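Here is a short report on a structure and how its two chains meet. Look it over first, then read on.

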Protein chains: 2
Amino acid sequence: MVTPLSPSRRTTVVRGDRAQSERQHLFDVLADGLICHLGVVIDGVPRVLPTAYAYDLDGPDRDGTVYLHGSVAARSLVTAPAQTVCVTITLLDGLVLARSGFHHSMNYRSAVVIGTARAVTDAGEREHALRLLVDHLVPGRADTLRGHTRKELAATEVLAVSLHEASVKVRAGDPIDDEADLGTGVWAGVLPLRVTADDPLPSADCDPGLAVPADVVARAQTSMRSASSS
Amino acid sequence: MVTPLSPSRRTTVVRGDRAQSERQHLFDVLADGLICHLGVVIDGVPRVLPTAYAYDLDGPDRDGTVYLHGSVAARSLVTAPAQTVCVTITLLDGLVLARSGFHHSMNYRSAVVIGTARAVTDAGEREHALRLLVDHLVPGRADTLRGHTRKELAATEVLAVSLHEASVKVRAGDPIDDEADLGTGVWAGVLPLRVTADDPLPSADCDPGLAVPADVVARAQTSMRSASSS
């Protein structure tokens with residue numbers, strides 16, 4: 001059973017034209033993004049910090065789980081458990097260049113997830129989440145690496161947030177100009193943007209005899225914008 | 001007189017290895033980014049929303065001004081004036097693929113600005129800010145467009161935040177692996193990422209006789225990652 005999006009007032013998109021109601025749109029944004037922006041409140045002040053994420057649609061939280069991690073020394077991560085946090089993922093797909101400044105915009109897909117941050121303490125779930133975090137960067141890479149040591153695990157905070165309370169906004173397509181501006185001779189259109197990878201760069205300390213693994217090559221060739229978005 | 005970064009405890013980077021102390025690093029991130037993530041607190045809950053921004057290093061606020069705008073109907077913008085807000089700009093430069101999951105990371109540059117949001121009400125400053133917002137997308141384009149109408153101005157909220165209280169973090173370069181993992185035969189390196197533009201797409205309603213303007217062509221050809229970052 002998959003619930004629809006926007007189950008609460010605070011994730012209901014007020015201005016309705018860009019809101020998406022299908023949970024699949026959330027999954028698509030989660031799949032295509034690489035980083036999220038985590039919002040926490042510290043001493044009444046919002047902090048917004050970029051961080052890696054991973055997700056598990058079959059995770060233990062209602063409607064699935066988004067996982068974040070960081071050093072136990074990172075203030076925002078340590079502050080977050082039991083707090084209500086906001087996890088936002090944004091994909092920028094293009095600049096929308098209208099005939100007036102007012103109608104300039106961007107094509108984008110964004111997901112906003114709000115929920116209580118749960119500190120992941122179960123050893124199995126922690127290991128699972130940390131593998132997902134590596135595989136979200138390069139699918140398949142976790143299998144090629146050694147496991148985490150006890151010392152590494154002790155230094156790592158893992159947070160989980162339910163995917164239940166979420167909203168997704170999408171803007172795509174042409175600028176929408178005022179009728180009166182159409183004949184003014186100003187060019188209008190979209191400058192499509194995407195994230196591309198250059199050739200993988202081996203570390204200075206990497207054995208030059210080692211080939212770039214197939215999973216890294218595949219990641220470099222994957223366009224990081226879904227075909228449906230522009 | 002340019003002040004150094006991190007003038008307050010809440011923008012001081014706790015884990016010091018990636019912190020930058022030069023204000024020029026802030027300017028570089030502001031110049032290279034296209035969107036920011038605005039953090040506000042609504043009913044005690046953090047909200048993080050992607051939005052366009054512009055900046056004016058000679059703006060009226062201490063150490064310069066970052067400008068945001070949106071519809072007066074947008075809840076986060078309307079809520080923000082007189083609140084302390086957080087404006088975060090993140091540029092993702094690469095995936096850092098280490099020999100262990102623990103040392104996986106990303107190369108990035110991020111700026112966090114915290115300040116009291118000021119609703120811009122002065123007509124001249126509002127117009128200036130709205131021109132900067134267009135020119136931040138495509139430098140020079142504001143000059144090619146008509147001015148805002150009174151109705152458009154009435155529908156637009158413009159916010160200003162001082163650039164005074166800010167921090168910048170940068171991670172660049174190779175993964176840093178444990179000594180013991182160096183000889184294990186695992187490939188390690190960086191997958192560099194950047195934002196690239198595809199060819200500009202004229203609107204369906206754009207006169208096919210209109211050439212793509214030089215400013216749009218120049219924007220499409222500008223790499224959106226500074227050469228110094230990878």
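In which sense do β11(A) and strand β11 of chain B pair, and over how many bridges? They pair in the antiparallel sense, over five bridges. Strands pair if DSSP finds at least two bridges between them.

## The model

This is a predicted model, where local features need pLDDT of at least 70, side-chain atom pairs count only at pLDDT 80 or more, and totals for chains, interfaces and linings use all residues. Residues are numbered from 1 along each chain as its sequence is written, and chains are lettered from A in the order in which they are written.

Chain A averages a pLDDT of 90. That score is the predictor's confidence in each residue, from 0 to 100. Residues 226–230 of chain A fall below 50. Where pLDDT is low, the predicted coordinates should not be read in detail. The complex gets an ipTM of 0.92 and a pTM of 0.92 from the predictor.

## The contact

Chain A gives 79 residues to the contact, and chain B gives 79. Residues are in contact if their C-beta atoms, placed from the backbone, lie within 7 Å. β11(A) supplies the largest share of chain A's side, nine residues. Strands here are DSSP runs (E, at least two residues), numbered from the N terminus. Within the strand pairing, Ala197(A) stands opposite Leu193(B).

How values were computed:
Two residues are in contact if their C-beta atoms, placed from the backbone, lie within 7 Å. Helices (H or I, at least four residues) and strands (E, at least two) are DSSP runs, numbered from the N terminus.
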